[in-house]
Amino acid sequence: MQTALTKKLGIEHPIIQGGMQWIGRAELVAAVSNAGALGTLTALTQPTPEALRDEIERLRTMTDRPFAVNLTFLPTLKPVPYEAYRDVIVDCGVKIVETAGNNPSAHMPALKAAGITVIHKCTTARHALKAQQIGVDMVSIDGFECAGHTGEEDIPGLILIPSAVSKLSIPVIASGGFSDGRGLVAALALGAEGINMGTRFMCTQESPAHLNIKQAIVDNAETDTALILRSLRNSSRVARTQLAQSIIDMEKAGATIQEIGPKVAGAKGRKVYEEGDVEGGIWTVGMVQGLINDIPTCAELVRRIVDEAESIIEQRLMKLTGRSSVTV
Ligand SMILES: Cc1cc2nc3c(=O)[nH]c(=O)nc-3n(C[C@H](O)[C@H](O)[C@H](O)COP(=O)(O)O)c2cc1C
């Protein structure tokens with residue numbers, strides 16, 4: 001299944017594993033890339049730019065396939081040395097960068113001078129257009145159903161994806177709510193060049209998330225997510241836990257960022273993924289968990305998605321047209 005995405009990135013299948021804080025480490029990224037999709041290392045999961053350099057080197061011992069590095073620009077409690085992380089990415093000769101959050105324009109000259117393909121992830125068609133104007137190569141568009149930062153406009157993928165495709169001339173990647181071949185075919189039908197998945201890849205054998213988290217994803221329904229930090233205009237879709245509910249209650253009562261901050265601290269989230277206490281901190285997950293029923297290897301998952309997508313096109317869609325998919 002070749003699209004503008006596979007051709008531009010030199011990958012086999014039009015599937016990306018998006019950046020995931022605490023989860024996007026070398027083991028998962030290598031497994032995704034070795035499966036013929038695109039794995040993405042998450043820069044800020046590494047405590048320092050130097051640690052990112054080591055992680056990129058470690059990753060290179062595990063795969064010789066293309067991979068990306070995610071750099072997320074979002075409000076943080078502690079200032080982040082973004083330039084230093086970016087310089088490590090450039091120095092290490094990384095070829096693909098996924099940016100997310102705020103406008104990446106300050107970093108574009110350095111990234112483009114190094115010949116890096118930049119995929120910017122955003123949540124509105126307006127931001128996607130802006131990203132195109134500042135010279136990114138592709139846009140990942142995250143619908144409201146996505147895990148993590150949903151933006152503030154709440155437009156689901158079914159509208160957002162074709163809206164972005166109609167407005168942009170660069171390739172659009174559909175993100176948020178994808179887990180299987182049905183989703184991939186739907187994304188292609190909406191005009192996207194491929195899919196970006198977070199939650200589905202978090203729930204694989206090679207994902208570093210604790211088994212309790214993976215099992216919670218398998219057990220949870222699509223209704224089991226919550227939107228926190230809306231009052232701070234930093235909305236984030238996370239697992240619907242008692243802790244998430246208590247944060248929403250604090251927000252309703254008018255709590256300030258100083259009061260909420262300690263509850264959502266990254267260090268606590270990290271412990272959840274490492275130790276598996278699902279109530280020990282906030283953890284990120286998308287509505288698509290309702291469609292996830294197993295914990296496959298990345299190779300099994302990618303193969304299954306592609307096989308299912310091809311079979312839907314050949315067995316169902318081609319038949320609907322009354323034409324055969326087989327040309328003799
Ligand atoms: C555990 C987790 C952590 C995430 N952390 C980040 C992040 O640091 N930066 C980022 O750009 N996106 C992050 N995301 C979002 C994903 O890259 C992707 O856009 C999103 O998961 C797509 O929605 P889906 O989960 O329905 O596939 C995260 C997602 C998950 C599940």
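**Exercise 1.** How do the axes of helix α3 and helix α4 cross, and which residues meet there?

*Solution.* Keep in mind as you look that this is a predicted model.

Step 1. Find α3 at residues 49–60 and α4 at residues 82–91; their axes come within 9 Å and cross at roughly 25°.

Step 2. Angles under 35 degrees count as roughly parallel, and α3 and α4 are therefore roughly parallel to each other.

Step 3. For the handedness, α3 passes α4 in a right-handed crossing.

Step 4. On the α3 side, the residues that meet α4 are Pro 49, Leu 52 and Arg 53, and their partners in α4 are Ala 84, Tyr 85 and Val 88. Sorted by class, this contact has 5 nonpolar residues, no polar ones and 1 charged.

**Exercise 2.** Now do the like for helix α8 and helix α14: at what angle do their axes cross?

*Solution.* 

Step 1. Helix α8 covers residues 181–189 and helix α14 covers residues 298–321; the axes cross at roughly 60° and come within 7 Å.

Step 2. That angle makes α8 oblique to α14.

Step 3. The crossing of α8 and α14 is right-handed.

Step 4. From α8, Gly 181, Arg 182, Leu 184 and Val 185 take part, meeting Ile 305, Asp 307, Glu 308, Ala 309, Ile 312 and Ile 313 of α14. The classes in this contact are 6 nonpolar, 1 polar and 3 charged.

**Exercise 3.** Into which domains is the protein chain divided, and how far apart do their C-alpha centres lie?

*Solution.* 

Step 1. Domain 1 takes in 4–208 + 296–321, while domain 2 is 211–287.

Step 2. Their C-alpha centres lie 23 Å apart. The contact takes 20 residues from domain 1 and 18 residues from domain 2.

Step 3. On the side of domain 1 that touches domain 2, β7 (148–149) and α9 are the elements giving two or more residues. By class, that side has 9 nonpolar, 9 polar and 2 charged residues.

Terms used. Residues numbered from 1 in each chain as written. Predicted model: local features only at pLDDT ≥ 70, side-chain atom pairs only at ≥ 80, totals over all residues. Axes fitted to C-alpha atoms, helices over the stretch in contact; angles between N-to-C directions. Helix = DSSP H or I, 4+ residues; strand = E, 2+ residues; numbered from the N terminus. Parallel < 35°, antiparallel > 145°, perpendicular 65-115°, else oblique. Left-handed = near helix turned anticlockwise from the far one by under 90°. Contact = placed C-beta atoms within 7 Å. Nonpolar A, V, L, I, M, F, W, Y, C, P; charged D, E, K, R; others polar. Domains from an automatic or database assignment.
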